[in-house]
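Here are my notes on the model, written as numbered points. Have the coordinates open while you go through them.

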Amino acid sequence: MAEQFDVVVIGAGAAGMMCAAAAGQRGKRVVLVDHAEKLAEKIRISGGGRCNFTNINAGPAHFLSENPHFAKSALSRYTPQDFLALVKKYRIAYHEKHRGQLFCDDSAEQIIDMLKAECNAGNVRWRMPATVQSVEQQGERFLVQTSAGLIDAGAVVIATGGLSIPKIGATDFGYRIASQFGLAIVEPRPALVPLTFDAQQWQPFVPLAGVSLEVDVETGTLKGRKATGARFREDLLFTHRGLSGPAILQISSFWQPGTPITINLLPELDVAATLLEGKGTIKKHLGNVLAQWLPARVAEGLLQAHGFQADARLADMQDAQLRRLGQAVNAWTITPNGSEGYRKAEVTRGGVDTKELSQQTMMANRVPGLYFIGESVDVTGWLGGYNFQWAWASGMAAGLAV
């Protein structure tokens, strides 16, 4: 015999628990199903274990989607201040770290405990660990076969996330369900992910692994005032295989395979002009001059990669060479050959096409009673708490609608 519920939420992560709690507290009979042994592992590991749970600046402009307007409704109806009120209600101490990013003072476990308590306040039932074997529509209801038994529900909410970090249980379940019901999917790909480069091209920079500095990074083109790409000022980190750090994670969501990224390693200094101005007075070698402004290892690697001798005297350089060196520092242009993939991606870009969903309720327009929320949808936030805010907002939108 099937157990009867009003709502079955599949996926007990950030969006799923938010949705289940909202629906349960409205008096709906809700069951939350998840295949994992441990609850909300992605919350647990986020923000270095302190969970960057939102960003006080979060708004539609901080999200990528084929339809950039889709997220406006949910984000405007459940704001960072709304989630912050919940955090304060549970007396969770927090701090603002950088550019509006809010973190727990103590542990991400506090956010998990809070969401679990909110679910319990709505009498949400739990089926965990339990795998979902099938989802079938029967008239106006759904039959969900799980390893913990058959569930009969009036609504199904898919909150199973994307493909990022498979080692903690990420799967393509949400996309499979969308395809089963004939919904279009925007091709998923890793986002907020380190970028990699051709091994031979990267050789001069391998010794720099672990070096970090603040840079401007951009990709795409800037046409007049209209940016068709993106630009960020954040910290960059050299790795053995390429580049990481917040600057690269941010730009990776915008980067298109085969296109270059441009990095200004000294955003506050016009290097070419400074070198030309000092040519007649500065007696130092090129390596020593650059090392005044850049970490010495970065200066050395950059000179090597661009065919300059570190022991060449500045005074002996031709003006054209100094302009080329300035360009190498202020507009270092390099083309990634790929990324570190889903295993190191913080999120997945793409997902269920927003054209298929109601922006007010997150329900599939052509499948009444079937909802998609969180990372399974083609809405991807910037680095810095934005993706959690989308989880809370989309979860709340569905939780109030089911």
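1. Strands β10 and β22 (residues 370-372) run parallel and are joined by three bridges; two strands count as paired if DSSP finds at least two bridges between them. Across that pairing, Val157 sits opposite Tyr371 in β22. Helices and strands here are DSSP runs (H or I, at least four residues, for helices; E, at least two, for strands), numbered from the N terminus. Keep in mind that this is a predicted model, where local features need pLDDT of at least 70, side-chain atom pairs count only at pLDDT 80 or more, and totals for chains, interfaces and linings use all residues. Residues are numbered from 1 along each chain as its sequence is written, and side-chain values use heavy atoms, with hydrogens and water left out.

2. What else does β10 pair with? Strand β1 (residues 3-10) is one partner, parallel to β10 over seven bridges, and Val8 has Val156 as its bridge partner in β10. Strand β9 (residues 141-146) is another, antiparallel to β10 over five bridges, with Phe142 opposite Ala153. The link from β9 to β10 is a hairpin through two residues.

3. How many residues of β10 (residues 149-158) are buried? Seven of its 10, so call the strand mostly covered; buried means under 20% relative accessible area, exposed over 50%, and partly exposed in between (1.4 Å probe, protein chains only).

4. Helix α6 (residues 173-180) has buried residues too: Phe173, Gly174, Tyr175, Ile177 and Ala178. The elements covering them include β1, β8 (132-138), β10, β11 (185-191), β21 (347-352) and β22. Contact, here and below, means heavy atoms within 4.5 Å. Just after α6, have a look at Gly182, which takes a positive phi of about 75°.

5. Next, a helix pair. Helix α1 (residues 14-24) packs against helix α13 (residues 386-401) at an angle of about 30°, with the axes 7 Å apart. Axes are lines fitted to C-alpha atoms, for helices over the stretch in contact, and angles run from 0 to 180 degrees between N-to-C directions. The two helices are therefore roughly parallel (under 35 degrees; over 145 would be roughly antiparallel, 65 to 115 roughly perpendicular, and the rest oblique). From α1, Ala14, Ala15, Met18, Cys19, Ala22 and Ala23 take part, meeting a set in α13 that includes Phe388, Trp392, Gly395 and Met396. The contact residues divide into 12 nonpolar, two polar and no charged.

6. Compare helix α9 (residues 271-278) and helix α12 (residues 319-330), which pack at about 145°, with their axes 7 Å apart. Val271, Ala272, Leu275 and Leu276 in α9 meet residues of α12, among them Asp319, Leu322, Arg323 and Val329.

7. Another open sheet has seven strands, ordered β19-β18-β13-β16-β17-β12-β20, with antiparallel pairing. β19 (332-334) and β20 (338-339) are the edge strands, each pairing on one side only. Strand β12 (residues 195-196) and β20 are joined by two bridges, and Leu195 stands opposite Ser339.

8. Leaving out residues up to four places away in sequence, Ser244 touches Pro194, Asp235, Leu236, Leu237, Thr239 and Leu249.

Technical notes:
Ala, Val, Leu, Ile, Met, Phe, Trp, Tyr, Cys and Pro count as nonpolar, Asp, Glu, Lys and Arg as charged, and the others, Gly among them, as polar.
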